[in-house]
Amino acid sequence: MNFRESAAHISDELVAFRRRLHQRPEIGLHLPETQAAVLDALGGLPLEITTGRALTSVVAVLRGAKRGQSVLLRGDMDALPVTEQTGLPYASTIPGAMHACGHDLHTAILVGAARLLSAVRDQLAGDVIFMFQPGEEGPGGAQPMLDEGLLSAAGDPPAAAYCLHVSAVFRGGVFFGRRGVFGAAHDTCKVRVRGAGGHGSTPFRARDPIPAACEMVLALQTMVTRGFDVFDPVVLTVGQFHSGTVDNVIPATAEFSASLRSFSTAAREKLVARTADVVRGIAAAHGLEVDVDFERGYPAVVNDVTEAEFAAATATEVFGDRRYQWLVNPKTGSEDMSFVLEKVPGAYLNLGACPPDRDPATAATNHSAGALFDDAVVADGSALLAELAFRRLAAGR
């Protein structure tokens, strides 16, 4: 059994498929063209395929010849609202949309894994669920797929779940993993400070919301550094601030929004509560009213320790010691694979995809209009996912 060699034989086809997706990116939960391309790519394989009702997901189940548990493999399919600036010959043809995070590679990798495992179905000691997910970049496609019965697709819930995410700033071909917390939880806070407008020449006749809102922004930064344990950190970034229309009019309102990131449940709940307290306290001190609204996002990505070590051992055995590294610190990005990993023990891995002619230290990052990914990693990604599923089922633990 050599999935790495088998993947190399179909590498050109997988790369061509990836580039086809890259040229036609779709955003959000509804990706009809991408879904059709995936269904076409899976055609002829011995899979039980269902499509989503509330979203254009694809769930494919491969039944092994031997009875056993099931394993879930996931790949996300959606793009970002970014105008591509790479100059690639296969660049996006859709204005304002780009596969800037590498999900086109993820989709091709998962198609490759389905092909590799289908070829050894007679040796497979259980079932494999292939999860093709829309909406990872928002509003979130994993939870709707769970709501539609993803985990019962093969019968009993899967014993383990695995996925790969490419990185434009990690050395190409190197797999990265972590025991425990891999990625941050993410929530959004929207604040609207309400005062009373007036003429800029007589601010004492108005109730100016701008100074109070500015004070809130600064106080929230102080709150993070003084109110939270440095060994259980949080990140708060104010990314939007809007108020007023002209320089000589005091506006009635000021609005800002912030992203809140955390790595533990306790810190997450404390961050929400303390943010609300700080904002409301400052508003009261200025005699203003304030609306504070939170949108709860993705929970933290938490790898099962046993599954993370199994994934590391498998990657090292198949690709060698230099092709796997443990991450020292969790990533501050968030991912909705976290919803699956809350219910199924598993491992979320990164796969370096920085092109060989680029320096990872200065390369354009994921989500950048100039992000570039090395096609050469697709075959190895497929091989590792296939190895993980095959070996995990064979172990039967």
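## A tour of helices, sheet and salt bridges

Start by selecting H6 and H7: the two helices pass each other in a right-handed crossing. A crossing is called right-handed if the near helix is turned clockwise from the far one by less than a right angle, and left-handed if anticlockwise. Helices (H or I, at least four residues) and strands (E, at least two) are DSSP runs, numbered from the N terminus.

Before moving on, note that this is a predicted model, in which local features need pLDDT of at least 70 and side-chain atom pairs count only at pLDDT 80 or more, while totals for chains, interfaces and linings use all residues. Residues are numbered from 1 along each chain as its sequence is written, and side-chain values use heavy atoms, with hydrogens and water left out.

**Stop 1: two helices side by side**

Keep helix H6 (residues 209-227) and helix H7 (residues 265-285) on screen: their axes come within 9 Å and cross at roughly 145°. Axes here are lines fitted to C-alpha atoms, for helices over the stretch in contact, and angles run from 0 to 180 degrees between N-to-C directions.

Which residues of H6 and H7 make the contact? On H6, show Ala 212, Glu 215, Met 216, Ala 219, Leu 220, Met 223 and Gly 227. On H7, show Lys 270, Leu 271, Arg 274, Thr 275, Val 278, Val 279, Ile 282 and Ala 283. These contact residues divide into ten nonpolar, two polar and three charged. Contact means heavy atoms within 4.5 Å. Ala, Val, Leu, Ile, Met, Phe, Trp, Tyr, Cys and Pro count as nonpolar, Asp, Glu, Lys and Arg as charged, and the others, Gly among them, as polar.

**Stop 2: the sheet these helices lie across**

H6 lies across S8, S10, strand S12 (253-262) and S13, and runs at about 170° to S10. H7 also lies across S8, S10, S12 and S13, running at about 165° to S13.

In what order do the four strands stand in their open sheet? The order is S10-S12-S8-S13, with antiparallel pairing. At the edges are strand S10 (234-243) and S13, each pairing on one side only. Neighbouring strands of the sheet are turned by 20° against each other on average, direction ignored. Two strands pair if DSSP finds at least two bridges between them.

Zoom in on S8 and S13, which run antiparallel and are joined by eight bridges. Here you can find Arg 192 opposite Asp 291 in S13.

**Stop 3: salt bridges**

Side chains of opposite charge can pair when their charged atoms come close. A salt bridge is a side-chain nitrogen of Lys or Arg within 4 Å of a carboxyl oxygen of Asp or Glu.

Lys 190 is in strand S8 (residues 185-194) and Glu 295 in strand S13 (residues 289-296), 105 residues apart in the chain. Buried means under 20% relative accessible area, exposed over 50%, and partly exposed in between (1.4 Å probe, protein chains only).

Next, select Asp 336 and Arg 74, whose side chains meet in a salt bridge (3.1 Å, N to O). Asp 336 lies in the loop between strand S15 (324-326) and helix H9 (337-341) and Arg 74 in strand S3 (residues 70-76), so the pair ties together parts that are 262 residues apart in sequence. Asp 336 is buried, at a relative accessible area of 0%; Arg 74 is buried too, at 2%.

Then jump to Arg 392 and Glu 307, another salt bridge (3.0 Å, N to O). Arg 392 sits in helix H10 (residues 377-395) and Glu 307 in helix H8 (residues 305-319), 85 residues apart. Both Arg 392 and Glu 307 are buried.

**Stop 4: another helix pair**

Select helix H2 (residues 11-23) and helix H4 (residues 103-118): their axes come within 9 Å and cross at roughly 145°. This crossing is right-handed. Arg 18 of H2 and Asp 104 of H4 are among the residues that meet here. The contact divides into six nonpolar, three polar and four charged residues.

**Last stop: a hairpin**

End at strand S1 (residues 47-51) and strand S2 (residues 58-63), antiparallel and joined by five bridges. They form a hairpin with six residues between them. Thr 50 stands opposite Val 59 in S2. In the loop between S1 and S2, click on Ser 57, which is buried at 3% relative accessibility. Leaving aside residues up to four places away in sequence, Ser 57 touches Gln 35, Thr 50, Thr 51, Gly 52, Phe 132, Pro 134 and Met 145.
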